[in-house]
Amino acid sequence: MWLFIIVFAIMIFTRLDDLIEFFKSKDPNYQESKAKEQMELLNQRAELVERLHSLIGLDCQIESQLFYLMSLSSKVEVTIQSVDQDWVKLSVKQRKPFDVVVKIEDVTSVSRIV
Amino acid sequence: MTTFSEKVYQLRKEFAYSQEELAEKLEVSRQTISNWENGTAQPALDKAVELSNLFDVSLDEMVGKKIQQAKTVSPILKAFIGQTVSVFLNPGSDAWMSVSRIEVKNCEVIDVSEHSLKVIVDERKQKIERVFMLKDIIGIKEEVV
């Protein structure tokens, strides 16, 4: 009996976030704020795509988790080659330069080097 | 998002109809149009269809449903077909769990779709065809041959 209760409690605990989300989703105010949040994210993304487009061919500093995973600094100097809705192609300026395609979603900041 | 009542008001103004004119065209009372625009009442389906025909907009648009744009294959990724690349996976993604590394080297890209990247990878002296979901990929590095 106790074993069953413990297993059940663990199951509930691991799905606690989903459970809270489920109850919250019934609330119209919560739904509205979620929709607003989504819209904001979409607008931010559209703005970033626009900014990346305007910087094609220019030298920039881009921050992304990808560079960190490549054991580079998280912010690197690049030249933006091309951009589409989801991806941006960059020439990374390192001792050995290379080309990389980064998911725009993963780009956290873009600054132009003047 | 525009609600139905806002949309009726907006379209009526666009077409420069008065509430009376619109009511006449739809064979309803002026008060009914006013109720639709205030959001206190909603039209029956046949009147909603008449409205959408009159203003030449779809019912989806009338009720504020967002029309989803068809996702297309990324031209940037398409250019990788036939090339050898390193694929960087999102730590914590399903794909990363299955290959248990972030960088998958020597992937020959054979196809790209709206949602996935099909590659051939050399794994333990075997050539394996793998499909990575684009949602799991954070970057792709061209390999210099």
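How many salt bridges are counted between chain A and chain B? In this predicted model, the count between the two chains is one salt bridge. The pair consists of B:E142 and A:K89, whose closest N and O atoms lie 3.1 Å apart. Side chains of opposite charge can pair when their charged atoms come close. Polar contacts also cross the interface of chain A and chain B, where eight residue pairs are found, both residues of each being at pLDDT 80 or more.

On the side of chain A that touches chain B, at least two residues each are supplied by α4 (65-69), β2 (75-83), β3 (87-92) and β4 (98-103) of chain A. Strand β4(A) provides the largest share of this side, with six residues. Classified by residue type, the side of chain A that touches chain B comprises 11 nonpolar, two polar and six charged residues.

The contact as a whole draws 19 residues from chain A and 21 residues from chain B. About 1500 Å² is buried between chain A and chain B, and carbon and sulfur atoms give 64% of this area. Of the area that chain A buries against chain B, 35% is supplied by A:L69, A:W87 and A:V101, more than by any other three residues.

Over all chains, a search of the whole structure finds nine salt bridges. One pair within chain A joins A:K93 to A:D59, with the closest N and O atoms 2.8 Å apart. This pair links distant parts of the chain, since A:K93 lies in the loop between β3 and β4 of chain A and A:D59 in strand β1 (residues 59-64) of chain A, 34 residues apart.

Helix packing was examined in chain B. The axes of helix α1 (residues 4-14) of chain B and helix α3 (residues 30-38) of chain B come within 6 Å and cross at roughly 120°. Helices α1(B) and α3(B) are therefore oblique to each other. In this contact, B:S5, B:V8, B:Y9 and B:R12 of α1(B) meet B:I33, B:W36, B:E37 and B:N38 of α3(B). The residues of the contact of α1(B) with α3(B) comprise four nonpolar, two polar and two charged.

Helix α3(B) also packs against helix α2 (residues 19-26) of chain B, the two axes coming within 8 Å and crossing at roughly 110°. Helices α2(B) and α3(B) are therefore roughly perpendicular to each other. From α2(B), the contact involves B:Q19, B:E20, B:L22, B:A23 and B:L26, while α3(B) contributes B:R30, B:I33, B:S34, B:W36 and B:E37. Five nonpolar, two polar and three charged residues make up the contact of α2(B) with α3(B). Residues B:I33, B:W36 and B:E37 of α3(B) take part in the contact with α1(B) and also in the contact with α2(B).

Definitions and conventions. Residues are numbered from 1 along each chain as its sequence is written. Chains are lettered from A and ligands numbered from 1 in the order in which they are written. This is a predicted model: local features need pLDDT of at least 70, side-chain atom pairs count only at pLDDT 80 or more; totals for chains, interfaces and linings use all residues. Side-chain values use heavy atoms; hydrogens and water are left out. Axes are lines fitted to C-alpha atoms, for helices over the stretch in contact, and angles run from 0 to 180 degrees between N-to-C directions. Helices (H or I, at least four residues) and strands (E, at least two) are DSSP runs, numbered from the N terminus. Angles under 35 degrees count as roughly parallel, over 145 as roughly antiparallel, 65 to 115 as roughly perpendicular and the rest as oblique. Contact means heavy atoms within 4.5 Å. Ala, Val, Leu, Ile, Met, Phe, Trp, Tyr, Cys and Pro count as nonpolar, Asp, Glu, Lys and Arg as charged, and the others, Gly among them, as polar. Buried area is the accessible area (1.4 Å probe) that two parts lose on being put together, summed over both. A salt bridge is a side-chain nitrogen of Lys or Arg within 4 Å of a carboxyl oxygen of Asp or Glu. A polar contact is a pair of N or O atoms within 3.5 Å; within protein, one must be able to donate a hydrogen and the other to accept it, and residues adjacent in sequence count only if both atoms are side-chain atoms.
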